[in-house]
Amino acid sequence: MHRLLIATLVAVAALPCAPAANAAGVAILDCGKLFDSRSGRMLGPHTVTVREGRIESVVPGRAAHTSDGDRINLQSHTCLPGWTDLHVHLGSQSSPQSYAEGFRLDPVDHAFRAAGYAEETLLAGFTSVRDLGGEVTPHLRDAINQGLVKGPRIFAAGKSIATTGGHADPSNGWNSMLSHLMGPPGPTEGVINSIEDARQAVRQRYKEGSDVIKITATGGVLSYARSGDAPQFTVDEIRSVVETAHDYGYRVAAHAHGEEGMRRAVEAGVTSIEHGTHMSDEVMQLMRERGTWYVPTIHAGRFVADKAREDGYFPEIVRPKAAAIGAKIQDTFARAYRAGVPIAFGTDMGVGPHGDNAREFIYMVEAGMPAAEALQTATIHAAEVLGVDDQGRIAPGMRADIIALAADPLETIEAVMDVRFVMKDGTVFKHADAP
């Protein structure tokens, strides 16, 4: 395994380097419109000056020409803060071969694929992501930070924490001979069965360099197991995860479909509930009281519900869960929004195709959320979930994460699918005049 991990790093390092344009210099962006994520208003023409990866100034109108820096013409475009997707899995992408590939592929294969998925995500306008489960992704994060590959800023969970037989138990679906040879997974592999195990699993994620902790509080749709919503942790086990995570400055995201698992996770103090399919009115009230964020992942729900109709796409043990659970998430989102539950943006990409993340905005608007509020879920709200204060807005001192669309998304939300310009940390990765 150590040799495979070394090979993974070598493989990632061999990929083409990211461009360095303007990263340490000055750029002046002439925006036709500018979205103010704090107020949710669309403003008129503005000039944004970027210096050494940070936004230096934002002034109304078109500032006089200056020779200090590159001038970028976005006068026919709408500028927004770079988006954040709080639930992705860059190390994989769903297909009918996904389950067999878990046995055939090694970390090097996943590393090469992940590098491509990361670039697709960045070019779709997502300058930051929270990757909630994948051993390759912390290494991908480091490669992106070193400029070896192109991709978004990654907040990586590493291995998700599960219980025996739970949604993220890596041995689910193994035959008895393989299980006997490998032995039962434990906290090092992210599988716990006690308060003590919970502490050890979090500390192992710290040792491995995770940025956030992810638990699977209930069954899941795509795991090779029968239940998609049964609770899989006790309250005390989750509380042990949360308390230990806080010792290391971590926040905890909880995958949860079933009501009881959600209630336990919220009572134990997790930061966010992911998916939330069977969220009850009582759970919604508890989330409002505790300030627990809801990351709905409508895109994943609709994707698996559609694929459940295709013979052979999912194993037969998975197919009924995909059909029953996936179709409900958009309706749950609509109820949660009306109930005033705090909502932040996430797609569960890796279930659906990477690069299609922005379609989640369209689904949110379909379910009744105004376009401006939908955009706020992927900007200021996402930053709050991550616990960072230097992204999510186009304002002086913020990271220079700026994207531009061909049209105004407050007039037509479908405009989010036509990203023409992408800047991350002052580096331009997609030019507005590119074919």
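Residues are numbered from 1 along each chain as its sequence is written, and side-chain values use heavy atoms, with hydrogens and water left out. Because the model is predicted, local features need pLDDT of at least 70 and side-chain atom pairs count only at pLDDT 80 or more, while totals for chains, interfaces and linings use all residues.

## Helix packing

Two packed helices are described by the angle between their axes and the distance between the axes. Helices (H or I, at least four residues) and strands (E, at least two) are DSSP runs, numbered from the N terminus. Axes are lines fitted to C-alpha atoms, for helices over the stretch in contact, and angles run from 0 to 180 degrees between N-to-C directions. The table gives the two helix pairs.

| Helix pair | Axes come within | Crossing angle |
|---|---|---|
| H7 (residues 235-247) and H8 (residues 259-268) | 8 Å | roughly 40° |
| H8 and H9 (residues 281-290) | 10 Å | roughly 15° |

The axes of H7 and H8 cross at roughly 40°. That angle makes H7 oblique to H8; angles under 35 degrees count as roughly parallel, over 145 as roughly antiparallel, 65 to 115 as roughly perpendicular and the rest as oblique. The H7 and H8 crossing is right-handed. A crossing is left-handed if the near helix is turned anticlockwise from the far one by less than a right angle, and right-handed if clockwise. From H7, Val-235, Ile-238, Arg-239 and Val-242 make the contact, and from H8, Arg-264, Ala-265, Glu-267 and Ala-268, where contact means heavy atoms within 4.5 Å. These residues comprise five nonpolar, no polar and three charged. Ala, Val, Leu, Ile, Met, Phe, Trp, Tyr, Cys and Pro count as nonpolar, Asp, Glu, Lys and Arg as charged, and the others, Gly among them, as polar.

For H8 and H9, the axes cross at roughly 15°. H8 is therefore roughly parallel to H9. The crossing of H8 and H9 is left-handed. Here Glu-259, Met-262, Arg-263, Val-266 and Glu-267 of H8 meet Glu-282, Val-283, Leu-286, Met-287 and Arg-290 of H9. The contact of H8 with H9 divides into five nonpolar, no polar and five charged residues.

## Buried residues

Buried means under 20% relative accessible area, exposed over 50% and partly exposed in between (1.4 Å probe, protein chains only). In helix H4 (residues 137-145), the buried residues are Thr-137, Pro-138, Leu-140, Arg-141, Ala-143 and Ile-144. Gly-147 follows H4 and has a positive phi, near 80°.

Thr-47 lies in strand E3 (residues 46-51) and counts as buried, at 1% relative accessibility. Beyond its neighbours within four places in sequence, its contacts include Ile-28, Asp-30, Val-59 and Arg-71. Asn-73 is 26 residues from Thr-47 in sequence, with 10.0 Å between their C-alpha atoms.

Arg-130 belongs to strand E7 (residues 126-131) and is buried at 3% relative accessibility. Outside the four places on either side in sequence, the contacts of Arg-130 include Asp-85, His-87, Phe-155, Glu-274 and Leu-386.

Val-318 sits in the loop between helix H10 (298-307) and helix H11 (319-326). Val-318 is buried, with 0% relative accessibility. Its C-alpha atom is 9.9 Å from that of Val-304, 14 residues away along the chain.

## Aromatic pairs

The structure contains seven aromatic pairs, defined as rings of Phe, Tyr and Trp (its six-membered ring) whose centres lie within 6.5 Å. Trp-83, Phe-126, Phe-345 and Phe-361 are linked into a cluster by ring pairs.

Methods. Rings of Phe, Tyr and Trp (its six-membered ring) pair if their centres lie within 6.5 Å; planes under 30 degrees apart count as stacked, over 60 as edge-to-face and the rest as tilted.
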